[in-house]
Amino acid sequence: MLEIALTLAIAFALGSFPTAYIAGRVLSGADIRDVGSGNPGALNTARSVGIGVGVAVLLIDAGKGILAVFIALHMSVADLWVYASALLVTLGHNFSPFTGFRGGKGAASVLGISAFMLWHITAITFAVGLVVYLVTRQAVVSMAVVFIVLNALTIATGQSTGQIVLCIILSLLVAGTHLLRERERVSSAVRERNWRRFMSIE
């Protein structure tokens, strides 16, 4: 039980590290939550602070997901707790207590988790998402495509039930966090049936 509790606590603590917030404060003196889209994630950091910094935030946040799963696997806990660690690192990222429970939306952490657990599927998915983004220039559209393709490939390639369920839950968590944070703008776009604006909300 001690190993399980420690594994889960480490996962949440890793996820809670507010990478984008710290990068914004240190490098520009700004609260990343008050500039650009207001989302303390890699994309808003890239646009508000600099592309290089945004890439660094993306890699660190993805690394949090990788490290959480890596530690869980080496703590010799059952697969259920490995999957729980993946969920908790993402929850920690999205609802960090260090930033008033207003963190990112989890996409980078999920990318790291997926890359570590299913690197070949992730590579294909990332390539597809990049092409979609270059064509549409809309992060929300490309991210939606990424999660659809990721789940489809996870199922189509016959991964374990646990990995399939985890992939679906993490995808819903990212989508749910996005809708929760942007509920006012989303509601407005839906009422107006302005689907272009709906898909551009970040």
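## A tour of the helices

Start with α1 and α5 on screen: α1 passes α5 in a right-handed crossing. Handedness here is read by looking at the near helix against the far one: if the near helix is turned clockwise from the far one by less than a right angle, the crossing is right-handed, and if anticlockwise, left-handed. The helices themselves are DSSP runs of H or I with at least four residues, numbered from the N terminus, while strands would be E runs of at least two.

Before you click further, this is a predicted model, in which local features need pLDDT of at least 70 and side-chain atom pairs count only at pLDDT 80 or more, while totals for chains, interfaces and linings use all residues. Residues are numbered from 1 along each chain as its sequence is written, and side-chain values use heavy atoms, with hydrogens and water left out.

**Stop one: α1 against α5**

Select residues 2–16 for α1 and 79–94 for α5; their axes come within 6 Å and cross at roughly 30 degrees. Those axes are lines fitted to C-alpha atoms, for helices over the stretch in contact, with angles from 0 to 180 degrees between N-to-C directions. The two helices are therefore roughly parallel to each other. On that scale, under 35 degrees is roughly parallel, over 145 roughly antiparallel, 65 to 115 roughly perpendicular, and the rest oblique.

Now show side chains. From α1 you want I4, T7, L8, A11, F12, L14, G15 and S16, which meet W81, A84, S85, L88, V89, L91, G92 and H93 of α5. Contact means heavy atoms within 4.5 Å. Colour this contact by class and you get ten nonpolar, six polar and no charged residues. The classes put Ala, Val, Leu, Ile, Met, Phe, Trp, Tyr, Cys and Pro in nonpolar, Asp, Glu, Lys and Arg in charged, and the others, Gly among them, in polar.

**Stop two: α2 against α4**

Next, pick α2 (residues 19–28) and α4 (residues 51–74). How do these two run relative to each other, roughly parallel or roughly antiparallel? Their axes come within 9 Å and cross at roughly 150 degrees. That makes α2 roughly antiparallel to α4, and the crossing is right-handed. Select T19, A20, A23 and L27 on the α2 side, then V53, V57, I60, D61 and K64 on the α4 side, to see the residues that make the contact. By class they divide into six nonpolar, one polar and two charged.

Zoom in on D61, which sits in α4. D61 is buried, with a relative accessible area of 1%. Buried means under 20% relative accessible area, exposed over 50%, and partly exposed in between, using a 1.4 Å probe and protein chains only. What joins the side chains of D61 and T19? It is a polar contact of 2.6 Å. Such a contact is a pair of N or O atoms within 3.5 Å; within protein, one must be able to donate a hydrogen and the other to accept it, and residues adjacent in sequence count only if both atoms are side-chain atoms. Leaving out residues up to four places away in sequence, D61 touches T19, H93, A108 and S109.

While you have α2 up, click Y21, which belongs to that helix. Beyond residues up to four places away in sequence, Y21 touches D31, I32, R33 and T99. Run a C-alpha to C-alpha distance from Y21 to V57: 9.6 Å, for 36 residues of sequence separation.

**Stop three: N44**

Go to α3 (residues 42–48) and select N44. At 3% relative accessibility, N44 counts as buried. A polar atom of the N44 side chain lies 3.1 Å from the backbone oxygen of V35. Setting aside neighbours within four places in sequence, N44 is in contact with I32, V35, G36, S37, G38, N39 and V49.

**Stop four: two loops with positive phi**

In the loop between α4 and α5, find S76. Phi of S76 is near 60 degrees, a positive value in a residue other than glycine. S76 is exposed, at 66% relative accessible area.

Then try F101, in the loop between α5 and α6 (107–117). F101 is not a glycine, yet its phi is positive, about 60 degrees. This residue is exposed too, with a relative accessible area of 52%.

V141 lies in α8 (residues 139–156) and, at 18% relative accessibility, counts as buried.

Finish on L172 in α9 (residues 161–181). L172 is exposed, with a relative accessible area of 58%. From the C-alpha of L172 to that of F147, 25 residues apart along the chain, the distance is 9.2 Å.
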